[in-house]
Amino acid sequence: MREPFDRPLRVALVQRRAVRGDSYANLQLGLECCRAAGQKKADLVVFPEIWSSGYEVPFGRPLLEHGAYMRSFQEEARRLGLGIVATCLSKGKKLPQDTAVVISPTGEILMRYAKVHTCDFSAERTLEPGEGFAVCDFPFEGGRVRLGVMTGFDREYPESARELMLKGAELIVVPNAGAMDPLRLGQLRTRAFENMVGVAMANYPGLGWGCSCAFSPIVYSETGHYIDNTLAMAGERAEGLVLADFDLEAIRAWRARRVWGGAYRKTYAYPSLLEARPPKPLVRRDNRTQCP
């Protein structure tokens with residue numbers, strides 16, 4: 001039995017330009033963003049994808065996961081009492097990985113997530129995909145929430161959010177680096193609705209990019225009328241922190257009584273979901289230059 005929440009969870013989404021290829025400069029800018037989030041009484045700050053290099057392509061040298069870059073974020077988290085989802089290019093087993101690290105308000109690393117759905121049709125074919133999705137218990141002053149991460153292209157696969165929901169996620173954060181349009185924003189909105197989870201996405205600013213946003217799973221009022229589940233939405237080129245407050249008590253109440261998510265799944269009817277290869281013409285050759 002989970003304890004009730006004392007207050008909403010405030011998430012700060014970083015929508016700032018990073019310095020391409022300069023991990024030290026991006027670390028300093030990232031720490032500045034954390035301090036600004038702390039001043040705005042945020043509980044968790046989320047960075048865009050591969051913040052360490054500003055998602056520079058081609059990808060450069062990976063960072064040590066327990067090196068100075070991540071230790072600095074851990075120390076800042078501890079000093080501010082602020083959770084951080086820090087992102088970087090890190091070392092995998094054979095190739096670099098697109099990595100997000102969830103840091104607690106006490107500076108502890110709660111979870112490491114490597115992007116599963118790497119964009120193997122583009123520069124990300126040189127990266128090593130992650131092996132699965134995971135969730136962690138994220139503590140904050142108001143309570144404790146089950147937190148999951150999916151990165152960038154992961155959001156375009158319904159299985160990503162569904163797997164996280166089945167593992168108990170109540171909130172999914174999405175570090176992103178790429179174009180955002182009404183269709184892709186609709187994907188995030190739908191992931192929140194269909195899995196009855198909160199969703200929060202942080203992206204770099206720019207023409208056709210930006211739009212860092214947050215969605216609640218609550219889409220109907222007590223009287224059954226549709227309500228907009230958008231909690232926050234930035235413009236394309238705006239720079240700064242985008243704040244979203246998640247009423248986790250209301251979300252848990254919604255999950256307990258509504259019919260979506262995992263409530264009435266018929267798993268016996270979905271055997272094809274476990275097939276490794278789709279039917280033609282959806283088959284694509286493996287474009288990765290090296291496979292782990």
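Biologist: Is Glu 65 buried or exposed, and what is its relative accessible area?

Modeller: This is a predicted model, in which local features need pLDDT of at least 70, side-chain atom pairs count only at pLDDT 80 or more, and totals for chains, interfaces and linings use all residues. Residues are numbered from 1 along each chain as its sequence is written, and side-chain values use heavy atoms, without hydrogens and water. Buried means under 20% relative accessible area, exposed over 50%, and partly exposed in between (1.4 Å probe, protein chains only). Glu 65 therefore counts as buried, its relative accessible area being 19%.

Biologist: Which residue forms a salt bridge with Glu 65?

Modeller: A salt bridge is a side-chain nitrogen of Lys or Arg within 4 Å of a carboxyl oxygen of Asp or Glu. For Glu 65, the closest N and O atoms of the pair are 2.4 Å apart, and the partner is Arg 112.

Biologist: How many residues apart are Glu 239 and Arg 17, which form a salt bridge?

Modeller: Their closest N and O atoms lie 3.1 Å apart. Helices (H or I, at least four residues) and strands (E, at least two) are DSSP runs, numbered from the N terminus. Glu 239 is in the loop between strands E11 and E12, Arg 17 in the loop between strand E1 and helix H1, and the separation is 222 residues.

Biologist: What is the relative accessible area of Glu 76?

Modeller: Glu 76 forms a salt bridge with Arg 79, about one helical turn away in helix H2. Arg 79 is exposed at 54%, whereas Glu 76 is buried, at 8%.
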